[in-house]
Amino acid sequence: MKLPQFKKVLSKSVGFGALIILPFVLGGCLPGVGGTGKGSVAGEFLEGKIVKGFPSDIPLYEKAVVVQSYGNETEYGASFIVDEDLAKVLAFYNSALGQLGWQSSLAQNSQTRYTYGVKNDLYAGTVVVNTASDGKKTAITMAFE
């Protein structure tokens, strides 16, 4: 085989080899990719429903629609969307968290984003209430461990 042809074959082989190896490298190095890195969630992930084991004592806004949820033995999270004004949803959480035994502190991150740090005897986490990307609805995101 002539040298120019050898370089061409070698170049294709190296490129193909990199494509084969890349998923294994990324799977072991990036959090959440491949299910083995730190920060990955091995457990249940559902769209449109709440996973089994999700904290039952966290207040859920009555008209909110579940977008997705996840859970494993120690971590849970969910995102919701509701066709309500941001102020109305915030007023609900200001009242309901304490009534259901959650200690909370509220931080305003921007004019359209608020974060509650929450905890009770079993869980600690966050409840984020913000204006959804459409600028009309309100999004609610929860994460607990």
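**Exercise 1. In which sense do strand 5 and strand 6 pair, and over how many bridges?**

Solution. Start with the ground rules. This is a predicted model, in which local features need pLDDT of at least 70, side-chain atom pairs count only at pLDDT 80 or more, and totals for chains, interfaces and linings use all residues. Residues are numbered from 1 along each chain as its sequence is written, and side-chain values use heavy atoms, leaving out hydrogens and water.

Step 1. Strands (E, at least two residues) and helices (H or I, at least four) are DSSP runs, numbered from the N terminus. Two strands pair if DSSP finds at least two bridges between them.

Step 2. Read the pairing. Strand 6 covers residues 124-131, and its pairing with strand 5 is antiparallel, over seven bridges. Arginine 113 has asparagine 130 in strand 6 as its bridge partner.

Step 3. Look at the turn. Four residues lie between strand 5 and strand 6, and the two strands form a hairpin.

**Exercise 2. Describe how strand 4 meets strand 5.**

Solution. Step 1. Strand 4 spans residues 103-110 and strand 5 spans residues 113-119. They run antiparallel, joined by seven bridges.

Step 1. Pick one bridge. Leucine 106 is partnered by tyrosine 116 in strand 5.

Step 2. Strand 4 and strand 5 also form a hairpin, with two residues between them.

**Exercise 3. Find the place and the surroundings of asparagine 130.**

Solution. Step 1. Asparagine 130 sits in strand 6.

Step 1. Asparagine 130 is buried, at 16% relative accessibility. Buried means under 20% relative accessible area, exposed over 50%, and partly exposed in between (1.4 Å probe, protein chains only).

Step 2. List contacts (heavy atoms within 4.5 Å). Leaving aside residues up to four places away in sequence, asparagine 130 touches Leu86, Thr112, Arg113, Lys137, Thr138 and Ala139.

**Exercise 4. Trace the salt-bridge network of the structure.**

Solution. Step 1. A salt bridge needs a side-chain nitrogen of Lys or Arg within 4 Å of a carboxyl oxygen of Asp or Glu. The structure has two.

Step 1. Lysine 63 pairs with glutamate 84, with 3.2 Å between the closest N and O atoms.

Step 2. Check exposure. Lysine 63 is exposed at 54% relative accessible area. Glutamate 84 is buried at 12%. Lysine 88 is partly exposed at 44%.

**Exercise 5. Which residues touch the most other members of the largest nonpolar core?**

Solution. Step 1. A nonpolar core is a set of buried Ala, Val, Leu, Ile, Met, Phe, Trp, Tyr and Cys residues joined through side-chain atoms within 4.5 Å.

Step 1. The largest core holds 26 residues, and Tyr93, Val127, Ile140, Met142 and Phe144 touch the most other members. Two or more residues each come from strand 3, helix 2, strand 5, strand 6 and strand 7 (138-144). Helix 2 gives the most, with five residues.

Step 2. Zoom in on methionine 142. Among the residues that methionine 142 touches are Phe54, Tyr76, Phe80, Tyr93 and Val127.

**Exercise 6. Summarise the chain.**

Solution. Step 1. The chain has two helices and seven strands. Their order from the N terminus is α-β-β-β-α-β-β-β-β.

Step 1. The chain has 145 residues, of which 31% count as buried.
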